[in-house]
Amino acid sequence: MPEEVSTPEELLRIDYTPPKKSWLEPTVEFRKGTYCYSAAAKHREYLELPNPRQWRPYEDDWKLPENWKETILAGMKERLNKYRSFQLFLDICVRCGACADKCHFFIGSGDPKNMPVLRAELLRSVYRKNFTLAGKLFGKFAGARELTEDVLKEWFYYFYQCTECRRCSVFCPFGIDTCEITMMGRELLDLVGCDINWILDPVAKCYRTGNHLGVPPHAFKPTIETAVEDVEEITGVKVEAPINRKGAEVLFVAPSADYFAMPHWFTLLGYLMLFHEIGLDYTWSAYASEGGNFGLFQSMELAKRLNAKIYAEAKRLGVKWILGGECGHMWRVIHQYMDTFNGPADFMEEPVSPITGTKFENAKSTKMVHICEFTADLIQNNKLKLDPSRNDKWKLTFHDSCNPARAMGLIEEPRHIIKNVCNYFYEMPENTIKERTFCCGSGAGLGTDENIEMRLRGGFPRANAVKYVHEKYGVNLLTCICAIDKAVFPALLEYWVPGVEVGGIHELVGNALVMKGEKERTTDLRGEPLQETEAKGDV
Ligand code: SF4
Ligand code: SF4
């Protein structure tokens, strides 16, 4: 944690008093810790995006192209014609305020422009001025305003303080999805070269090497081999991890953090053990070595480009269907955009579990099944021998990652797995889980270091719910099924709720899985001794 970060007590002094100035007046202070750095020119050049240049958000001159205003308004017009939802969401808001206090960034910062309704108004006001009669005639009396450089700066500041989590949409009586307005806002900013580095850097790497970390194909293999060695050391079982194997039944795609970062690594070990135990005929791809898609956080065009490689690899390898790992936004892309981007994937077959015979009809079009659906089905059909007591050191809770929960309704499957692989599971309060889950505060490309204050503020509501179960039941593990969550929660929890660790569900599956021919397990997948603890409270 950087030294300049305030203490939790200081950060909790949140001022909810509305400012005296009208919201129509753009006011942005690029204060250290609250905004993201601009994208380096080299990434824009590599991706062949317009207006690559060196610039800084806190500098007065953003070095915008001369025709920046016309470019943005033309871009807005194009998107209004292209996306009905965009036009609709701009037109139908009645400013009822039901969404106002539902955004974690507003709760954690008290900044009214972080209310979803007002975040959308930042863009809606420009829409009114340029595309509606009332806005043209009555100006600010109709909530309309000119697009100025200050307005553009405000967009940059607040559209990169939205994690596109879609919690607000659950509470809107009209179903207005402010995430989509943020997405359009970011696309428009992209047209004039105003992106953030934490998004464009991984996008450029993914475009070049197949994954966000920039791991080239020849380095992918030894990484997976190291995981195979780890599994053997812990279980005594040598598992297979085929890479680029043509003719396999299933292509497995995971977020790259699973084979690079902690605690993701233990999830990877869990996958490998599971696939070995059930004898799955599968392959990894060293080229589609990323399930995540940071392109989604910038523009549909970039998301489409990155998504294409997964399906190109599925075709090249001749697999029947795709299995996807524990990732968040990967599933928003697959479930809501893939078909339009690169589908339909008719060259594959409708996924059927080779172990249970279950047909995954929900994946009829995308041909891609979530690992939690797959594993929950194995458990439901008694195909796994499990010893939940091996997870007895953990009193755990489950964080519904925003995209699997809200974008694909994956709510019961992870819980079904958890209840079968461990003995001590405690839910956080009802209004903070399932469809109403609170975001980690660092998704949609905001999980970088320079905006740490906003991340801690945005993550506060989630951390607060974790604190509740930590204090009430002694919860010491937060489980989740998103690579971004696993990356950002350790710092967030260390700050707000020390004493709670983070892990994936397939780590718990790996711990509990009794494998044929395994040696007596003395450690869990973290290499820590297996032990039993006494839980308190009700399960
Ligand atoms: S809840 Fe919906 S209609 Fe009400 S202010 Fe928010 S976005 Fe507008
Ligand atoms: S999508 Fe999430 S982060 Fe964005 S305004 Fe809505 S609640 Fe806030």
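Reply: Sheet, cavities and ligands

An open sheet of 4 strands has the order 2-1-3-4, and its pairing is parallel. Strand 2 (282-283) and strand 4 (368-370) are at the edges with a single partner strand each, so one side of each lacks a neighbour in the sheet. (Strands, E of at least two residues, and helices, H or I of at least four, are DSSP runs numbered from the N terminus; two strands pair if DSSP finds at least two bridges between them.) Strand 3 (residues 321-324) runs parallel to strand 4 and is joined to strand 4 by 3 bridges. Gly 324 is opposite His 370 in strand 4.

This is a predicted model, in which local features need pLDDT of at least 70 and side-chain atom pairs count only at pLDDT 80 or more, while totals for chains, interfaces and linings use all residues. Residues are numbered from 1 along each chain as its sequence is written, chains are lettered from A and ligands numbered from 1 in the order in which they are written, and side-chain values use heavy atoms, without hydrogens and water.

The structure holds 5 cavities of 30 Å³ or more. (A cavity is a set of points, on a 1 Å grid over the protein atoms alone, where a 1.4 Å probe fits but cannot get out; lining residues have an atom within 4 Å of a point. Points join across faces, edges and corners, and a volume is the space filled by probe spheres set on them.)

The largest cavity has a volume of about 180 Å³. It is lined by 21 residues, and those closest to its centre are Thr 163, Cys 402, Asn 403, Gly 443 and Ala 444. Helix 10 (178-191), helix 15 (329-342), helix 17 (402-408) and helix 21 (483-496) are the elements that give two or more residues to this lining. By class, the lining of the largest cavity has 11 nonpolar, 7 polar and 3 charged residues. (Ala, Val, Leu, Ile, Met, Phe, Trp, Tyr, Cys and Pro count as nonpolar, Asp, Glu, Lys and Arg as charged, and the others, Gly among them, as polar.)

The second largest cavity holds about 130 Å³ of space. Among its 17 lining residues, Cys 93, Cys 99, Val 117, Cys 172 and Ile 176 are closest to its centre. Helix 6 (116-131) and helix 9 (167-171) each supply at least two residues of the lining, and helix 6 gives the most, with 4 residues.

Ligand 1 takes up the space of this second largest cavity. (A molecule sits in a cavity if more than half of its atoms lie within 2 Å of its grid points.) The residues around ligand 1 include Cys 93, Cys 96, Cys 99 and Cys 172. (A residue is near a molecule if one of its heavy atoms lies within 4 Å of it.) The shell of ligand 1 has 10 nonpolar, 1 polar and 1 charged residues.

Notes
1 Å grid on protein atoms, 1.4 Å probe; cavity = no way out; pocket = protein on both sides within 12 Å on 5 of 7 lines; lining within 4 Å.
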